[in-house]
Amino acid sequence: MDPVIAPGIPAPAVDLLDLEGVVHCLDAQRGRLTVLNFWSVECPWSERADGVVLEAVRETDADLWTIASCAGETPDRILEISAERGLPVVLLDPDQAAADRYQAQATPHVFVVDTHGILRYRGAPDDAGFGNPVPSRTYLADALRAIRQGRAPDPAETPAQGCAIVRRRFG
């Protein structure tokens with residue numbers, strides 16, 4: 001069993017293909033603040049959070065990797081929806097290997113990896129939830145600002161809320 005993925009440990013290495021077949025290696029991101037956003041075409045929570053995530057990365061000059069991990073979502077549909085929402089880099093995780101390595105449970109589920117490759121935040125992009133549809137706090141933006149200012153994010157971890165990542169297991 002993989003160890004628990006928690007803030008303060010080295011981020012697991014992942015190599016993923018984008019929609020054009022180009023490989024993106026997380027290890028090559030050293031020196032860049034990077035947000036991994038486990039995402040779904042069909043999830044209304046992902047759709048709602050896309051603007052929050054995009055604003056947070058723009059504000060802090062972080063890189064955004066949107067990771068499509070839900071089984072059954074086609075590359076054509078992923079391309080169409082990601083273009084509509086203005087997502088810069090969308091990576092494919094068709095067998096949910098990256099989602100499993102990061103123990104991502106829902107979409108959206110965001111992870112912040114600092115310039116040294118250390119996981120610094122994991123959780124929801126904001127505090128919106130089933131009983132609170134309008135967010136009052138943006139955890140992701142707060143975490144990115146704290147890291148840019150040399151501080152630890154507070155909180156460093158929150159529960160992800162949204163749609164379950166659809167996994168397929170055969171055999």
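Is Thr66 buried or exposed? In this predicted model, whose residues are numbered from 1 along each chain as its sequence is written, local features need pLDDT of at least 70, side-chain atom pairs count only at pLDDT 80 or more, and totals for chains, interfaces and linings use all residues. Side-chain values use heavy atoms, with hydrogens and water left out.

Thr66 is buried, with a relative accessible area of 0% (buried, under 20%; exposed, over 50%; partly exposed, in between; 1.4 Å probe, protein chains only). The residue lies in strand β4, residues 63–68 (strands, E, at least two residues, and helices, H or I, at least four, are DSSP runs numbered from the N terminus). Beyond its neighbours within four places in sequence, Thr66 is in contact with Asn37, Trp39, Leu87, Val89, Val90 and Leu91 (contact, heavy atoms within 4.5 Å).

Strand β4 belongs to an open sheet of seven strands, ordered β2-β1-β5-β4-β3-β7-β8, with mixed pairing (two strands pair if DSSP finds at least two bridges between them). The edge strands, β2 (23–25) and β8 (119–123), each pair on one side only. Strands β4 and β5 (residues 90–92) pair in the parallel sense over three bridges, and Ile67 has Leu91 of β5 as its bridge partner.

Helix α2 (residues 75–85) packs on the sheet and touches β3 (34–39), β4 and β5; the direction of α2 makes about 125 degrees with that of β3 (axes are lines fitted to C-alpha atoms, for helices over the stretch in contact, and angles run from 0 to 180 degrees between N-to-C directions). Helix α4 (residues 139–148) also packs on the sheet, touching β3, β7 (109–113) and β8, and its direction makes about 0 degrees with that of β7.
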